[in-house]
Each structure stands twice: as structure tokens, then as C-alpha cells.
Amino acid sequence: MEAIQFVGTSPQDLKNEITADVKVVLNDFLKHYKPIRPAEYLTRQQVAKMFDVDLSTVHNWCKSGKLKPLGIGSRVYFLRTEIEASLIPLNQ
């Protein structure tokens, strides 16, 4: 194991050097860091309320393939990101 000697370096100088290096590494990390947002699931009622439509319209959108429902047991959910992706621009 190597021995490191700090000859002529005060404790404050050592602290400043370490702090500066840590700041550089943290700033580089934060530039490339993209937090992962948890998936948000919506119920049929929430989707209907979001678009101000009836539940039967949400059901028809599912049958026609416009929305992709997910289920667990008898519950039906929709990923918010997929709902937002299913919207199409009208005037291009």
C-alpha cells in the first residue's frame, strides 16, 4: 500500500482541493443526469374527464385501437404518456 504525504500543504488547502474536484465531478454528473419519472396510470374515468368525453367514447377509442388499455384484474388503466402520444396535430 502506498503512503501519501502532504508536505507543505495546510489542512485548508487540502480541503479546498478536494472540494474543487468534487464540484467538477458533480457538475459533470448533473449535466448528463436525467431522472426517471415513474409511469403515471390513469383510469377510464380520469381519461374521460381529461378529454371531457363520456366513458362510452373512451371505450370506443379502445375498440378502434386509438388507446391501448392495460389491465390488472377487472381494473383498466392507461399510461399517460401513451395517451399524450396518441394525440395527432390537426393543422400541419
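**Salt bridges, core and overall form of a predicted chain**

A search of the whole structure finds two salt bridges, a salt bridge being a side-chain nitrogen of Lys or Arg within 4 Å of a carboxyl oxygen of Asp or Glu. The structure is a predicted model, in which local features need pLDDT of at least 70 and side-chain atom pairs count only at pLDDT 80 or more, while totals for chains, interfaces and linings use all residues. Residues are numbered from 1 along each chain as its sequence is written, and side-chain values use heavy atoms, with hydrogens and water left out.

One of the salt bridges joins Glu 40 to Arg 80, with the closest N and O atoms 3.0 Å apart. Glu 40 sits in the loop between helix H1 (11-32) and strand S1 (41-43), whereas Arg 80 belongs to helix H4 (residues 80-86), so the pair ties together parts that are 40 residues apart in sequence. Helices (H or I, at least four residues) and strands (E, at least two) are DSSP runs, numbered from the N terminus. Glu 40 counts as partly exposed at 37% relative accessibility, and Arg 80 is also partly exposed, at 25%; here buried means under 20% relative accessible area, exposed over 50%, and partly exposed in between (1.4 Å probe, protein chains only).

Arg 80 forms another salt bridge, with Glu 84, where the closest N and O atoms are 3.8 Å apart. These two residues are four apart in helix H4, and therefore about one helical turn separates them. Glu 84 is partly exposed, with a relative accessible area of 43%. Through shared partners, the salt bridges join Glu 40, Arg 80 and Glu 84 into one network.

The largest nonpolar core consists of seven residues: Leu 42, Val 47, Ala 48, Val 58, Leu 67, Phe 78 and Ile 83. Such a core is a set of buried Ala, Val, Leu, Ile, Met, Phe, Trp, Tyr and Cys residues joined through side-chain atoms within 4.5 Å. Neighbours within four places in sequence aside, Val 47 is in contact with Leu 42, Val 58, Leu 67, Phe 78 and Ile 83, contact meaning heavy atoms within 4.5 Å.

Strand S3 (residues 75-79) contains Arg 75, which counts as exposed at 55% relative accessibility.

The chain as a whole has four helices and three strands, in the order α-β-α-α-β-β-α from the N terminus. Its radius of gyration is 27 Å, well over the 12 Å that the globule rule gives for 92 residues, so the chain is more spread out than a compact globule. That radius is taken over C-alpha atoms, and the rule is 2.2 Å times the number of residues to the power 0.38. Along its principal axes the C-alpha trace spans about 80 × 40 × 20 Å. Of the 92 residues, 9% count as buried. Among contacts between residues at least 6 apart in sequence, 44% join residues at least 24 apart.

The mean pLDDT, the predictor's confidence in each residue from 0 to 100, is 90 for the chain, and 98% of residues reach 70 or more. Among the elements, S1 has the highest mean (96) and H1 the lowest (91).
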